[in-house]
Amino acid sequence: MVKQIAVIRGDGIGPEIVDQALRVLDRIAVLYGHTFHYTDVDMGGCAIDKYGDPLPESELKKCVESDSVLLGAVGGDKWNNVPGHLRPERGLLRLRAGMGVYSNNRPAKIWPQLADASPLKASIVAQGIDFIIVRELIGGIYFGEHKTEGNTAIDVLKYSETEIERIGRIGFETAQKRNKKLCSVEKSNVLDSSRLWKKVMHRLAAEYPDVELSDMLVDNCAMQIVKNPAQFDVIVTENMFGDILSDEASMITGSIGMIPSSSLGATACGLYEPIHGSAPDIAGQDKANPIGTILSAAMMLRYSFDMPGEADAIEHAVSSFLDAGFRTADIMSDGMTLVGCQRCGELIVRSLQKI
Ligand code: IPM
Ligand code: MG
C-alpha cells in the first residue's frame, strides 16, 4: 500500500524520537512491500520561530490532506512568555480540532519486563495493569472561552449531548472489543457538565447490553488507579480529567516514555503521538526514549492503515529489545544495558521481523 504520512517533529526531543519511529516505518515498508511518503509539517515552538504562529493554516492543511499524522512533541521554556493564544500547545489543540479527532485512546499496560520500574508495590502490579483511557479530545474546558478581565481569569467548561454521545460510543465500542467493562469518570457531585455526561452514558448503555457500565467520580478514580488498577478495563472521560488521569496511569506502568496514543474522529485519518512532552532538559543529548513514538507509529498502522500484522511486528520488536536487557535512561535498572535514543531505534529496527 502507498500512504502519505504528515510528520511533525516539533520541539525539544521531538525530532530525535520521530526520526527513530521513521526508521522503524521504513523497515516495515521494506519487509511488507509498502511505500510511505513523508511530508514535513512545522508545528509548535519551531513554527512560532519561523512563521510567528504555532500552526499556520498551510501546515494544518498538509495534515488534513494526509492519510495520518505522526507527531513527536511540542513546547519548551523558550516560548513560556508568548501570549496564550500563540503558545506552542495552542498549535497542538488547533491540530486536534482541525482534524476533528475527538477520541483519544491512551493505553496503560505494563510490559512484564518493566514490572520493577513501576512505583507501585509488587503485589499490586502482580494483579495486572492493562486498561485504556478513552479521553474526549476536542471539547470541554480546553476549548471553552478563555479570558482574563482585570484580576479575574475565566475558562469555560461546556459539553453538548452530541459531543458526549460520540465519545461515549467509542468508550462502549472499545470495551466491546476487550473485557466489556466501561467505567465512566466524571464529577457529577459538583458539575452540571458531568451530570449531563452521566445521563448520556446511561442512556447509551441500553444499546450496549453486553458492556457493564459503572460510574466513578474523578477524585476517587485518581485514587483507585494507584490502589487497584486491575479493576479497570476501559475508562471514558472528558478532556481535562483524561489529561490528568492518563499521566497518572502511564506512571504506574513504569515510564511515560513508553506510552503511545491514537486520536481519531469520523475518518481513518488519525493523529498519533506519544503522551509525554518535549523534555527540553534532555533535548539533543540522545537520551530520550523513542518507544512511545515507535509504538504510536504501530498504532497508526493498526487503526488507520488496517495493517495489524505490521503493528504486531513492531510491538514484538519492542518486546525483544526489552527482553535482551536494553533500556533507555528513563527505564534503566540494575544489570541492564543503557542505550541512547538512536541506538534504541537501531536495535528495534534490527529485531523487526515479518510475522
Ligand atoms: C497531552 C498534553 C497536552 C494536553 C498539552 C501539551 C496541551 O499534556 O497530550 O496530554 O493537555 O492535551
Ligand atoms: Mg497531558
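A search of the whole structure finds five aromatic pairs. Rings of Phe, Tyr and Trp (its six-membered ring) pair if their centres lie within 6.5 Å; planes under 30 degrees apart count as stacked, over 60 as edge-to-face and the rest as tilted. This is a predicted model: local features need pLDDT of at least 70, side-chain atom pairs count only at pLDDT 80 or more, and totals for chains, interfaces and linings use all residues. Residues are numbered from 1 along each chain as its sequence is written, chains are lettered from A and ligands numbered from 1 in the order in which they are written, and side-chain values use heavy atoms, with hydrogens and water left out.

**An aromatic pair**

- Tyrosine 159 and tryptophan 197 form an edge-to-face pair, 5.9 Å centre to centre, with 70° between the planes.
- Tyrosine 159 lies in the loop between β7 (152–155) and α6 (161–176) and tryptophan 197 in helix α7 (residues 192–205), so the pair ties together parts that are 38 residues apart in sequence. Helices (H or I, at least four residues) and strands (E, at least two) are DSSP runs, numbered from the N terminus.
- Tyrosine 159 is buried, at 8% relative accessible area. Tryptophan 197 is buried too, at 2%. Buried means under 20% relative accessible area, exposed over 50%, and partly exposed in between (1.4 Å probe, protein chains only).

**Around ligand 1**

- Ligand 1 is surrounded by Glu89, Leu92, Arg96, Arg106, Arg135, Tyr142 and Asp243. A residue is near a molecule or strand if one of its heavy atoms lies within 4 Å of it.
- Oxygen atoms of ligand 1 have polar side-chain atoms beside them: one of arginine 96 at 2.7 Å, and one of tyrosine 142 at 2.6 Å.
- For arginine 106, a side-chain N or O atom is 2.8 Å from an oxygen atom of ligand 1.
- Ligand 1 exposes 320 Å² when taken alone, and the protein buries 77% of that. Accessible areas come from the Shrake-Rupley method with a 1.4 Å probe; for residues, only the protein chains shown count as cover.
- The charged end of arginine 135 sits over the ring of tyrosine 142, 5.3 Å from its centre. A charge sits over a ring if NZ of Lys or CZ of Arg is within 6 Å of the ring centre and within 35 degrees of the ring normal.

**Two glutamines**

- Glutamine 20 is in helix α1 (residues 14–32). Glutamine 20 is buried, with 4% relative accessible area.
- The side chains of glutamine 20 and arginine 23 are joined by a polar contact of 2.9 Å. A polar contact is a pair of N or O atoms within 3.5 Å; within protein, one must be able to donate a hydrogen and the other to accept it, and residues adjacent in sequence count only if both atoms are side-chain atoms.
- Glutamine 176 belongs to helix α6. Glutamine 176 is partly exposed, at 29% relative accessible area.
- The side chain of glutamine 176 makes a polar contact of 3.1 Å with the side chain of aspartate 210.

**Positive phi in a loop**

- Most residues other than glycine have a negative phi.
- Alanine 279 has a positive phi of about 35°. Alanine 279 sits in the loop between β12 (270–272) and α10 (291–304), and is partly exposed at 25% relative accessible area.
- Aspartate 286 has a positive phi of about 60°. Aspartate 286 also lies in the loop between β12 and α10, and counts as partly exposed at 32% relative accessibility.
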